[in-house]
Amino acid sequence: MAVDDGAKGKSYPPFEYEVGKEKIAEYANAVGEDNHVYFDRQAARDAGFRDVPAPPMFAVVYSAGAMAPAITDPEVGIDLMSMVHGGQEFVWGEPVCAGDVITTTAEVDDISEKGGMGFYVFSSVSTNQDGAEVVRGTWTNIVRGVS
Amino acid sequence: MNQGDPIPELKVTPDKYLPHRYAGASGDFNPIHIDNDFAQQVGLPRNILHGLYSMAQVARANAAAAGGDPRSLRRLEVQFRGMGVPESEITVTGTVREEADGIVVVDAEAEQDGKKIIRNAEAELRPS
């Protein structure tokens, strides 16, 4: 095969992200979330959250700093100009709220080749300041023309 | 939510500057999303939407179908296909595949201009 799978199993240093209330509002506005719980602390508490919760897909915001070093790692060898995001999965646990400190670690799950395309699959696990898992991500990137 | 039920359709038209706002919100400033000239130089029709923005619309449609509580969305898996663009309506549709022990599994997709931009999406919901 034309892709080098030598980096399979490699993991990267944890990345820490402190969740801000206004960052949640900025993200919620950008994706069109209009539920009051994302903007109003009292509404969030009335709904049983510790503080303003992040929309589920905010996972991309606190995970990004952990994923970037993995995806751009020369040892993984992705040609970024030929890369497309092929697939994504998130499995959510404990809700993420403003004030949380989220720690994410990334790992290279699999590198394979099929039909001239390279498939690079990364996983991430994010936990909060209490050690509770908040999200588990699987990130599939496809690189065309590897053989 | 019973097997075979459609989830309410979600329709959204990202405006011209949406990719810029999403770039700021997400931290993904890849020029294919925010620079029309750059996008065309690398062979794209124009600047394209972030795939994860489109996935967020599928997440929204599913959470709304489960009552709107963000805690109701337990899992979401998608495949990105084609390219989403600003200034054109996106429609998210879905159908309940099964319901067991309070967990509802929904098959969903997103299309724009008659083309699927997200396909084979699978959501697990715990309706409130």
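This is a predicted model: local features need pLDDT of at least 70, side-chain atom pairs count only at pLDDT 80 or more; totals for chains, interfaces and linings use all residues.
**View 1. The interface of chain B and chain A.** Chain B brings 28 residues into contact with 27 residues of chain A. The size of an interface is often given as the accessible area lost when the parts come together. Here the area buried between chain B and chain A is about 2200 Å². Carbon and sulfur atoms give 60% of that area. On the chain B side, the residues that lose the most area to chain A are Ala25(B), Pro70(B) and Arg71(B). Together they account for 25% of what that side buries.

**View 2. Polar links across the interface.** The rule finds 12 residue pairs in polar contact between chain B and chain A, both residues being at pLDDT 80 or more. It also finds one salt bridge across this interface. Arg75(B) and Glu89(A) form a salt bridge, with their closest N and O atoms 2.5 Å apart.

**View 3. The side of chain B that touches chain A.** Three elements of chain B each supply at least two residues to this side: helix 1 (18-26), helix 4 (51-65) and strand 2 (73-80). Strand 2 of chain B gives the most, with eight residues. By residue type, this side of chain B divides into 15 nonpolar, five polar and eight charged residues.

**View 4. Strand pairing between the chains.** Strand 2 of chain A spans residues 83-92. It pairs with strand 2 of chain B in the antiparallel sense. The pairing runs over five bridges. Gln88(A) has Val78(B), in strand 2 of chain B, as its bridge partner.

Technical notes. Residues are numbered from 1 along each chain as its sequence is written. Chains are lettered from A and ligands numbered from 1 in the order in which they are written. Side-chain values use heavy atoms; hydrogens and water are left out. Contact means heavy atoms within 4.5 Å. Buried area is the accessible area (1.4 Å probe) that two parts lose on being put together, summed over both. A salt bridge is a side-chain nitrogen of Lys or Arg within 4 Å of a carboxyl oxygen of Asp or Glu. A polar contact is a pair of N or O atoms within 3.5 Å; within protein, one must be able to donate a hydrogen and the other to accept it, and residues adjacent in sequence count only if both atoms are side-chain atoms. Helices (H or I, at least four residues) and strands (E, at least two) are DSSP runs, numbered from the N terminus. Ala, Val, Leu, Ile, Met, Phe, Trp, Tyr, Cys and Pro count as nonpolar, Asp, Glu, Lys and Arg as charged, and the others, Gly among them, as polar. Two strands pair if DSSP finds at least two bridges between them.
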